[in-house]
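Me: I have a new structure to look at, and I would like to understand the terms used for it. Could we go through it together?

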Amino acid sequence: MALEETHLSVLLIEDNPGDARLVEHHLDTAVTDQYVDDLSLTHVESLQAGREALGGGTFDVLFLDLGLPDSTGLETVDRALQADMQLPIIVLTGLDDRETAVEAISRGAQDYLPKDELDSDRLIRSLRYAVERHEQEQALRRQTEQMEFFNQILRHDMLNGMNVIRARGELLAADLDSEQAAHAETIVRWSDDIIDLTQKIRAILETLTADSQPELESATLQPLVEAAADRAESMGAETSVDIPPGLAVRAGPLLEDVLTNLTTNAAEHGGEGIGVDISAEPLGNHVRITVADDGRGIPDDMAGQLFDRGQKGAQSTGSGFGLYFVASMVEAYDGSVTVEPSEDNGAKFLLTLQSTREPNNPK
């Protein structure tokens with residue numbers, strides 16, 4: 001139910017008749033004061049009765065007492081959630097216990113209200129905010145499930161299919177001659193590109209759907225930057241690398257892909273002979289990596305949106321995914337990436353990551 005709708009159906013599980021009447025009074029006052037247009041309340045006195053009430057009606061929110069005949073304390077929250085009530089839960093208790101409040105919310109409750117602090121304003125505001133937050137959480141959960149589903153398709157169907165196509169293309173390229181062999185090699189190159197793109201999309205999906213932050217490890221920059229520079233040179237760029245030996249950052253396994261996206265982006269947009277300079281320097285607890293080119297630069301109207309999904313330069317023939325991938329992965333690595341004009345009127349990408357030290361380089 002959307003926040004602007006003003007009919008609310010409430011289930012109250014409370015075994016103390018006096019406390020139940022107090023809650024009902026405050027809710028009635030809220031309706032009278034036009035906090036909501038209409039409100040219905042169903043009151044039961046045990047967790048089991050609450051389950052039965054849910055079987056016979058639809059509710060928007062659950063007010064839950066922690067001291068019930070068939071359940072007490074934080075176990076009551078756990079049991080309500082385990083019963084799959086699919087409702088935002090607001091915990092009511094006679095104890096002004098902040099530690100219990102925090103724990104109840106960490107277990108899945110939306111809010112915690114001491115009974116001796118209740119009034120109509122606080123009660124109805126908590127109710128409406130709980131409903132809205134719960135809907136947002138449900139929407140996010142559905143989106144996560146959808147991303148996990150599409151990740152499975154990428155992993156099991158698309159990636160496996162492209163590997164088969166690539167293998168057949170290699171066989172044809174080896175057996176055919178002249179123009180037909182060139183066509184087969186084109187199949188192999190495009191298969192490589194699609195496989196690479198698929199793996200990057202999977203990395204983003206796995207990052208977005210992970211229950212916790214990705215594990216970051218020490219990554220020595222020099223070999224990763226050199227590999228990224230080699231890829232840009234294969235596209236016609238002239239590169240220079242200035243990375244202090246042993247300089248390392250905290251990152252995941254796709255850092256090389258992140259750096260390669262930045263160098264090949266410059267090579268793609270700058271044309272044959274573009275200069276790309278990659279350097280890095282320690283900045284306190286961080287490392288600043290700079291990828292600067294002497295190409296066409298970034299139009300002023302694009303600089304603030306360059307890392308958004310689908311954004312690409314006017315000369316680009318790509319999907320606009322590369323820089324979005326860079327921004328997504330850098331964010332997952334607790335870093336940042338920005339772009340500004342370079343000294344040679346081109347573009348300068350500034351990538352900042354947490355620094356670390358290699359075990360064999362303690363200085």
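This is a predicted model: local features need pLDDT of at least 70, side-chain atom pairs count only at pLDDT 80 or more; totals for chains, interfaces and linings use all residues.

Me: Why is α3 called roughly parallel to α4?

Reply: Let us start from the angle. Helix α3 covers residues 74-82 and helix α4 covers residues 98-107; their axes come within 10 Å and cross at roughly 15°. Angles under 35 degrees count as roughly parallel, so α3 is called roughly parallel to α4. The hand of this crossing is right-handed.

Me: What makes β2 and β7 the edges of their sheet?

Reply: Look at the strand order. The sheet is open, has five strands with parallel pairing, and runs β2-β1-β3-β6-β7. β2 (38-44) and β7 (111-114) each have a single partner strand, so one side of each lacks a neighbour in the sheet. On average, neighbouring strands of this sheet are turned by 20° against each other, direction ignored.

Me: How do you know that β1 and β3 pair?

Reply: Count the bridges. Pairing needs at least two bridges, and four join β1 (residues 7-13) to β3 (residues 61-65), so these parallel strands count as a pair. Within this pair, Leu 12 stands opposite Phe 63 of β3.

Me: Which helices pack on this sheet, and which strands do they touch?

Reply: Helix α2 (residues 47-55) packs on the sheet and touches β1, β2 and β3, with its direction at about 150° to that of β1. Helix α3 also packs on the sheet, touching β3 and β6 (89-93), and its direction makes about 150° with that of β3.

Me: What joins β11 to β9 and to β12?

Reply: Strand β11 (residues 275-283) is joined by five bridges to strand β9 (residues 238-242), and the two run parallel. Glu 238 has Gly 275 as its bridge partner in β11. With strand β12 (residues 286-293), β11 pairs in the antiparallel sense over eight bridges, and Asp 277 stands opposite Ala 292 of β12. The hairpin of β11 and β12 has two residues between the strands, and Gly 284 takes a positive phi near 65° there.

Terms used: Residues are numbered from 1 along each chain as its sequence is written. Side-chain values use heavy atoms; hydrogens and water are left out. Axes are lines fitted to C-alpha atoms, for helices over the stretch in contact, and angles run from 0 to 180 degrees between N-to-C directions. Angles under 35 degrees count as roughly parallel, over 145 as roughly antiparallel, 65 to 115 as roughly perpendicular and the rest as oblique. A crossing is left-handed if the near helix is turned anticlockwise from the far one by less than a right angle, and right-handed if clockwise. Contact means heavy atoms within 4.5 Å.
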